[in-house]
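Here is my note on the model you sent. Please read it with the structure open.

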Amino acid sequence: MSEHELTQAELFDVFSNARRRRTVQYLKRQGGACDLAPLVEQVAAWENDVDPDEVTRTQRRRVYISLYQTHLPMLEEHGIVDWDPDDHTIDLLPHEDVFDPYLDHRLEDQREWHRPYVTVTALGVLGLVVSWLSIGPLTTAVAPVVALALCLFVLALAVVQHVSRRPDLELPLGLTS
């Protein structure tokens, strides 16, 4: 285990790999310690974009081998974790504020942003079809107003999504996101 402070170049090298970032992220979620099996399960789930219950044996084995042989020893060598290969336990060492900016914070935000965008798009297509067919109150004269309203709604939705993914963003009037 390294006793020196990590340089920025070392941090970039260590966290250049997604599995190492995800390992540290998972350890933070678990309060700084975990066994290897649940870590492997969650990292495989993140990589394959499935629930941990749906991870296959092959996906799990692939992650297990690389964590066991490569990534956990490297994290230990740099003093980020304490890894016991015999007991299969991992402990996050207490200087997480140094490497926190290098982690995948998008893993914490599990909102499905595609749904609101699909909804707005469907409403736009419906409005276009109705105005094109001149059915009801939506005629070709009203279509530009509807299009402008939908564009403004998409813009507002994009701003909300951006702000929600930036926890460090300071808003006017002292508000935080």
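1. In which helix does Val-154 lie? Val-154 belongs to helix 7. Please keep in mind that this is a predicted model.

2. Is Val-154 buried, partly exposed or exposed? Its relative accessibility is 33%, so Val-154 counts as partly exposed. Buried would require under 20%, and exposed over 50%.

3. What does Val-154 touch beyond its sequence neighbours? With residues within four places in sequence left aside, Val-154 is in contact with Tyr-117 and Val-120. Val-120 is 34 residues away along the chain from Val-154. The C-alpha atoms of these two valines are separated by 7.1 Å.

4. Stay with helix 7, which spans residues 143-164. Val-159 is partly exposed, at a relative accessible area of 45%. Together with Leu-148, Leu-152 and Leu-155, Val-159 makes a nonpolar surface patch of about 390 Å². Patch members need over 30% relative accessible area, and Val-159 has 45%.

5. Now the aromatic rings. How many aromatic pairs are there? The count comes to three, with ring centres required to lie within 6.5 Å. One of them joins Tyr-26 and Trp-46. Their centres are 6.5 Å apart, and the planes stand at 75°. That makes the pair edge-to-face, because the cut-off for this class is over 60 degrees.

6. Tyr-26 is buried, at 8% relative accessibility. Trp-46 is buried as well, with a relative accessible area of 14%.

7. Tyr-64 and Tyr-68 also pair. Their ring centres are 5.7 Å apart and their planes meet at 20°, so this pair is stacked. Stacked means planes under 30 degrees apart. Both tyrosines lie in helix 4 (residues 57-77). They are four residues apart, about one turn of the helix.

8. Are Tyr-64 and Tyr-68 buried, partly exposed or exposed? Tyr-64 is partly exposed, with a relative accessible area of 31%. Tyr-68 is also partly exposed, at 29% relative accessibility.

9. Which residues form an aromatic cluster with Tyr-64? Tyr-68 and Trp-83 do: the three make one aromatic cluster.

Conventions:
Residues numbered from 1 in each chain as written. Predicted model: local features only at pLDDT ≥ 70, side-chain atom pairs only at ≥ 80, totals over all residues. Heavy atoms only, no water. Patch = residues over 30% accessible without salt bridge, like charges linked within 9 Å, V, L, I, M, F, W, Y side chains within 5 Å. Areas by Shrake-Rupley, 256 points an atom, 1.4 Å probe, with all protein chains shown as cover. Salt bridge = Lys/Arg side-chain N within 4 Å of Asp/Glu carboxyl O. Helix = DSSP H or I, 4+ residues; strand = E, 2+ residues; numbered from the N terminus. Buried < 20%, exposed > 50% of the residue type's maximum accessible area, 1.4 Å probe, protein only. Phe/Tyr/Trp six-rings, centres within 6.5 Å; stacked < 30°, edge-to-face > 60°. Contact = heavy atoms within 4.5 Å.
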